[in-house]
Amino acid sequence: MKRHIIFYSLCLTIFILLVLIFSINVFDSSEKLLLPKVNDVSKILITDSQGTYLIKKTSKNTWNILDFPVKKSSVNYVNDALKSFISAEKIFDKPSKFATFGVMHKDLTIALMKEDELLSSFIIGKNGPLPESTFIRFTDSNEIYHVNYPLKRIFTTNSDFWLDLEIINIDPENIDSFTFNSLGYSVLYKKKNSEWKMILNNQERLAENESISRLLISFSPFVGIDIYYQAKFKPDLQNTTPTFFISFDFLKKKTILNFYHIKDNSYYVTN
């Protein structure tokens with residue numbers, strides 16, 4: 001039993017020493033690493049053993065992956081990750097250490113591009129000794145750096161990190177009217193003097209405000225669980241009548257959501 005206690009204590013001591021070594025900045029940090037900002041990048045290529053994934057800017061504030069929208073929060077994480085390189089610490093300049101720190105050419109590689117111009121390319125290696133830190137190496141250099149950021153979590157090929165599954169995000173306070181259509185009939189809901197009215201067959205009646213409020217809150221935001229190319233999707237929704245659709249008048253813009261019933265409370269939604 002004593003041997004086990006001594007062994008565990010020794011392991012803990014070694015771990016603490018490693019953390020202290022990486023914490024007191026004994027590495028060469030005189031050279032600041034400056035990577036391009038996200039605003040200057042138009043393409044991010046992530047290459048691993050499974051292939052290459054392209055995240056592409058389509059407008060000033062919009063990015064796509066596989067032609068699907070990317071979450072704004074994910075782009076912000078990328079920007080923060082690139083900023084973290086400025087405090088990176090150089091630890092080795094030896095090719096013999098590449099395998100030790102997981103920065104071989106076959107490992108996770110990131111390329112930052114502006115159109116067809118390569119701005120920077122680096123390899124993400126093993127996790128560092130500090131919480132959420134990573135070893136990296138630029139592809140055109142033998143220098144290995146320690147970056148205090150969880151880069152593998154950010155530059156990932158896991159589509160769940162990137163895909164924006166938000167279908168719509170309305171502000172219930174700014175909705176003045178919406179229409180519900182199903183089975184050949186249409187019901188218009190309009191707000192007048194903070195009261196919701198339901199209009200059906202040109203007849204107006206009071207609607208239950210609490211029920212309308214709960215309905216609108218469910219669309220702020222309204223998020224799916226997966227996303228598909230409609231043109232390639234089966235069944236062919238383009239030639240199928242929706243089970244029902246809802247039309248919102250939101251900020252002087254009309255948004256229509258088509259719902260196709262699958263089973264239970266599950267629907268395919270197009271907009």
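Me: Is Phe259 buried or exposed, and how do I read that from its relative accessibility?

Reply: Happy to walk through it. Buried means under 20% relative accessible area. In this predicted model, Phe259 has a relative accessibility of 5%, so it counts as buried.

Me: And what about Tyr267, how exposed is it?

Reply: The class between buried and exposed is called partly exposed. Tyr267 belongs there, with a relative accessible area of 33%.

Me: How are the rings of Phe122 and Phe155 arranged?

Reply: Look at the angle between the ring planes: over 60 degrees counts as edge-to-face. Let me begin with the total, which is 19 aromatic pairs. In one of them, Phe122 and Phe155, the ring centres are 5.7 Å apart and the planes stand at 85°, so this is an edge-to-face pair. Phe122 belongs to strand E7 (residues 117–127), while Phe155 is in the loop between helix H4 (151–154) and helix H5 (159–162), so the pair ties together parts 33 residues apart in sequence. Phe122 and Phe155 are both buried. Phe259 and Tyr267 have their ring centres 6.0 Å apart and their planes at 85°, so they too make an edge-to-face pair.

Me: Which residues do ring pairs link into a cluster?

Reply: Follow the pairs from ring to ring. The cluster joins Phe178, Phe180, Tyr189, Trp196, Phe219, Phe222, Phe244, Phe248, Phe259 and Tyr267.

Me: Which charged residue sits over the ring of Phe98?

Reply: For this feature, check where the charged end lies relative to the ring. Arg137 places its charged end over the ring of Phe98, 3.9 Å from the centre. Lys97 lies over the face of Phe92, 5.0 Å from the ring centre.

Me: Which strands pair with E11, and in what sense?

Reply: Bridges tell you this, so count at least two between a pair of strands. E11 pairs with strand E16 (residues 244–250) in the antiparallel sense, over seven bridges, and Thr179 stands opposite Ser247 in E16. E11 also runs antiparallel to strand E12 (residues 185–192), joined by six bridges; there, Phe180 has Val187 as its bridge partner. E11 and E12 form a hairpin with two residues between them, and Leu183 in the turn has a positive phi of about 55°. As for burial, six of the eight residues of E11 (residues 175–182) are buried.

Me: Where does Asn271 lie, and what is it in contact with?

Reply: Asn271 is in the segment after strand E18 (266–270). Beyond its neighbours within four places in sequence, Asn271 is in contact with Ile167, Ile256 and Leu257. Its relative accessibility is 62%, so Asn271 counts as exposed.

Definitions and conventions
Residues are numbered from 1 along each chain as its sequence is written. This is a predicted model: local features need pLDDT of at least 70, side-chain atom pairs count only at pLDDT 80 or more; totals for chains, interfaces and linings use all residues. Side-chain values use heavy atoms; hydrogens and water are left out. Rings of Phe, Tyr and Trp (its six-membered ring) pair if their centres lie within 6.5 Å; planes under 30 degrees apart count as stacked, over 60 as edge-to-face and the rest as tilted. Helices (H or I, at least four residues) and strands (E, at least two) are DSSP runs, numbered from the N terminus. Buried means under 20% relative accessible area, exposed over 50%, partly exposed in between (1.4 Å probe, protein chains only). A charge sits over a ring if NZ of Lys or CZ of Arg is within 6 Å of the ring centre and within 35 degrees of the ring normal. Contact means heavy atoms within 4.5 Å.
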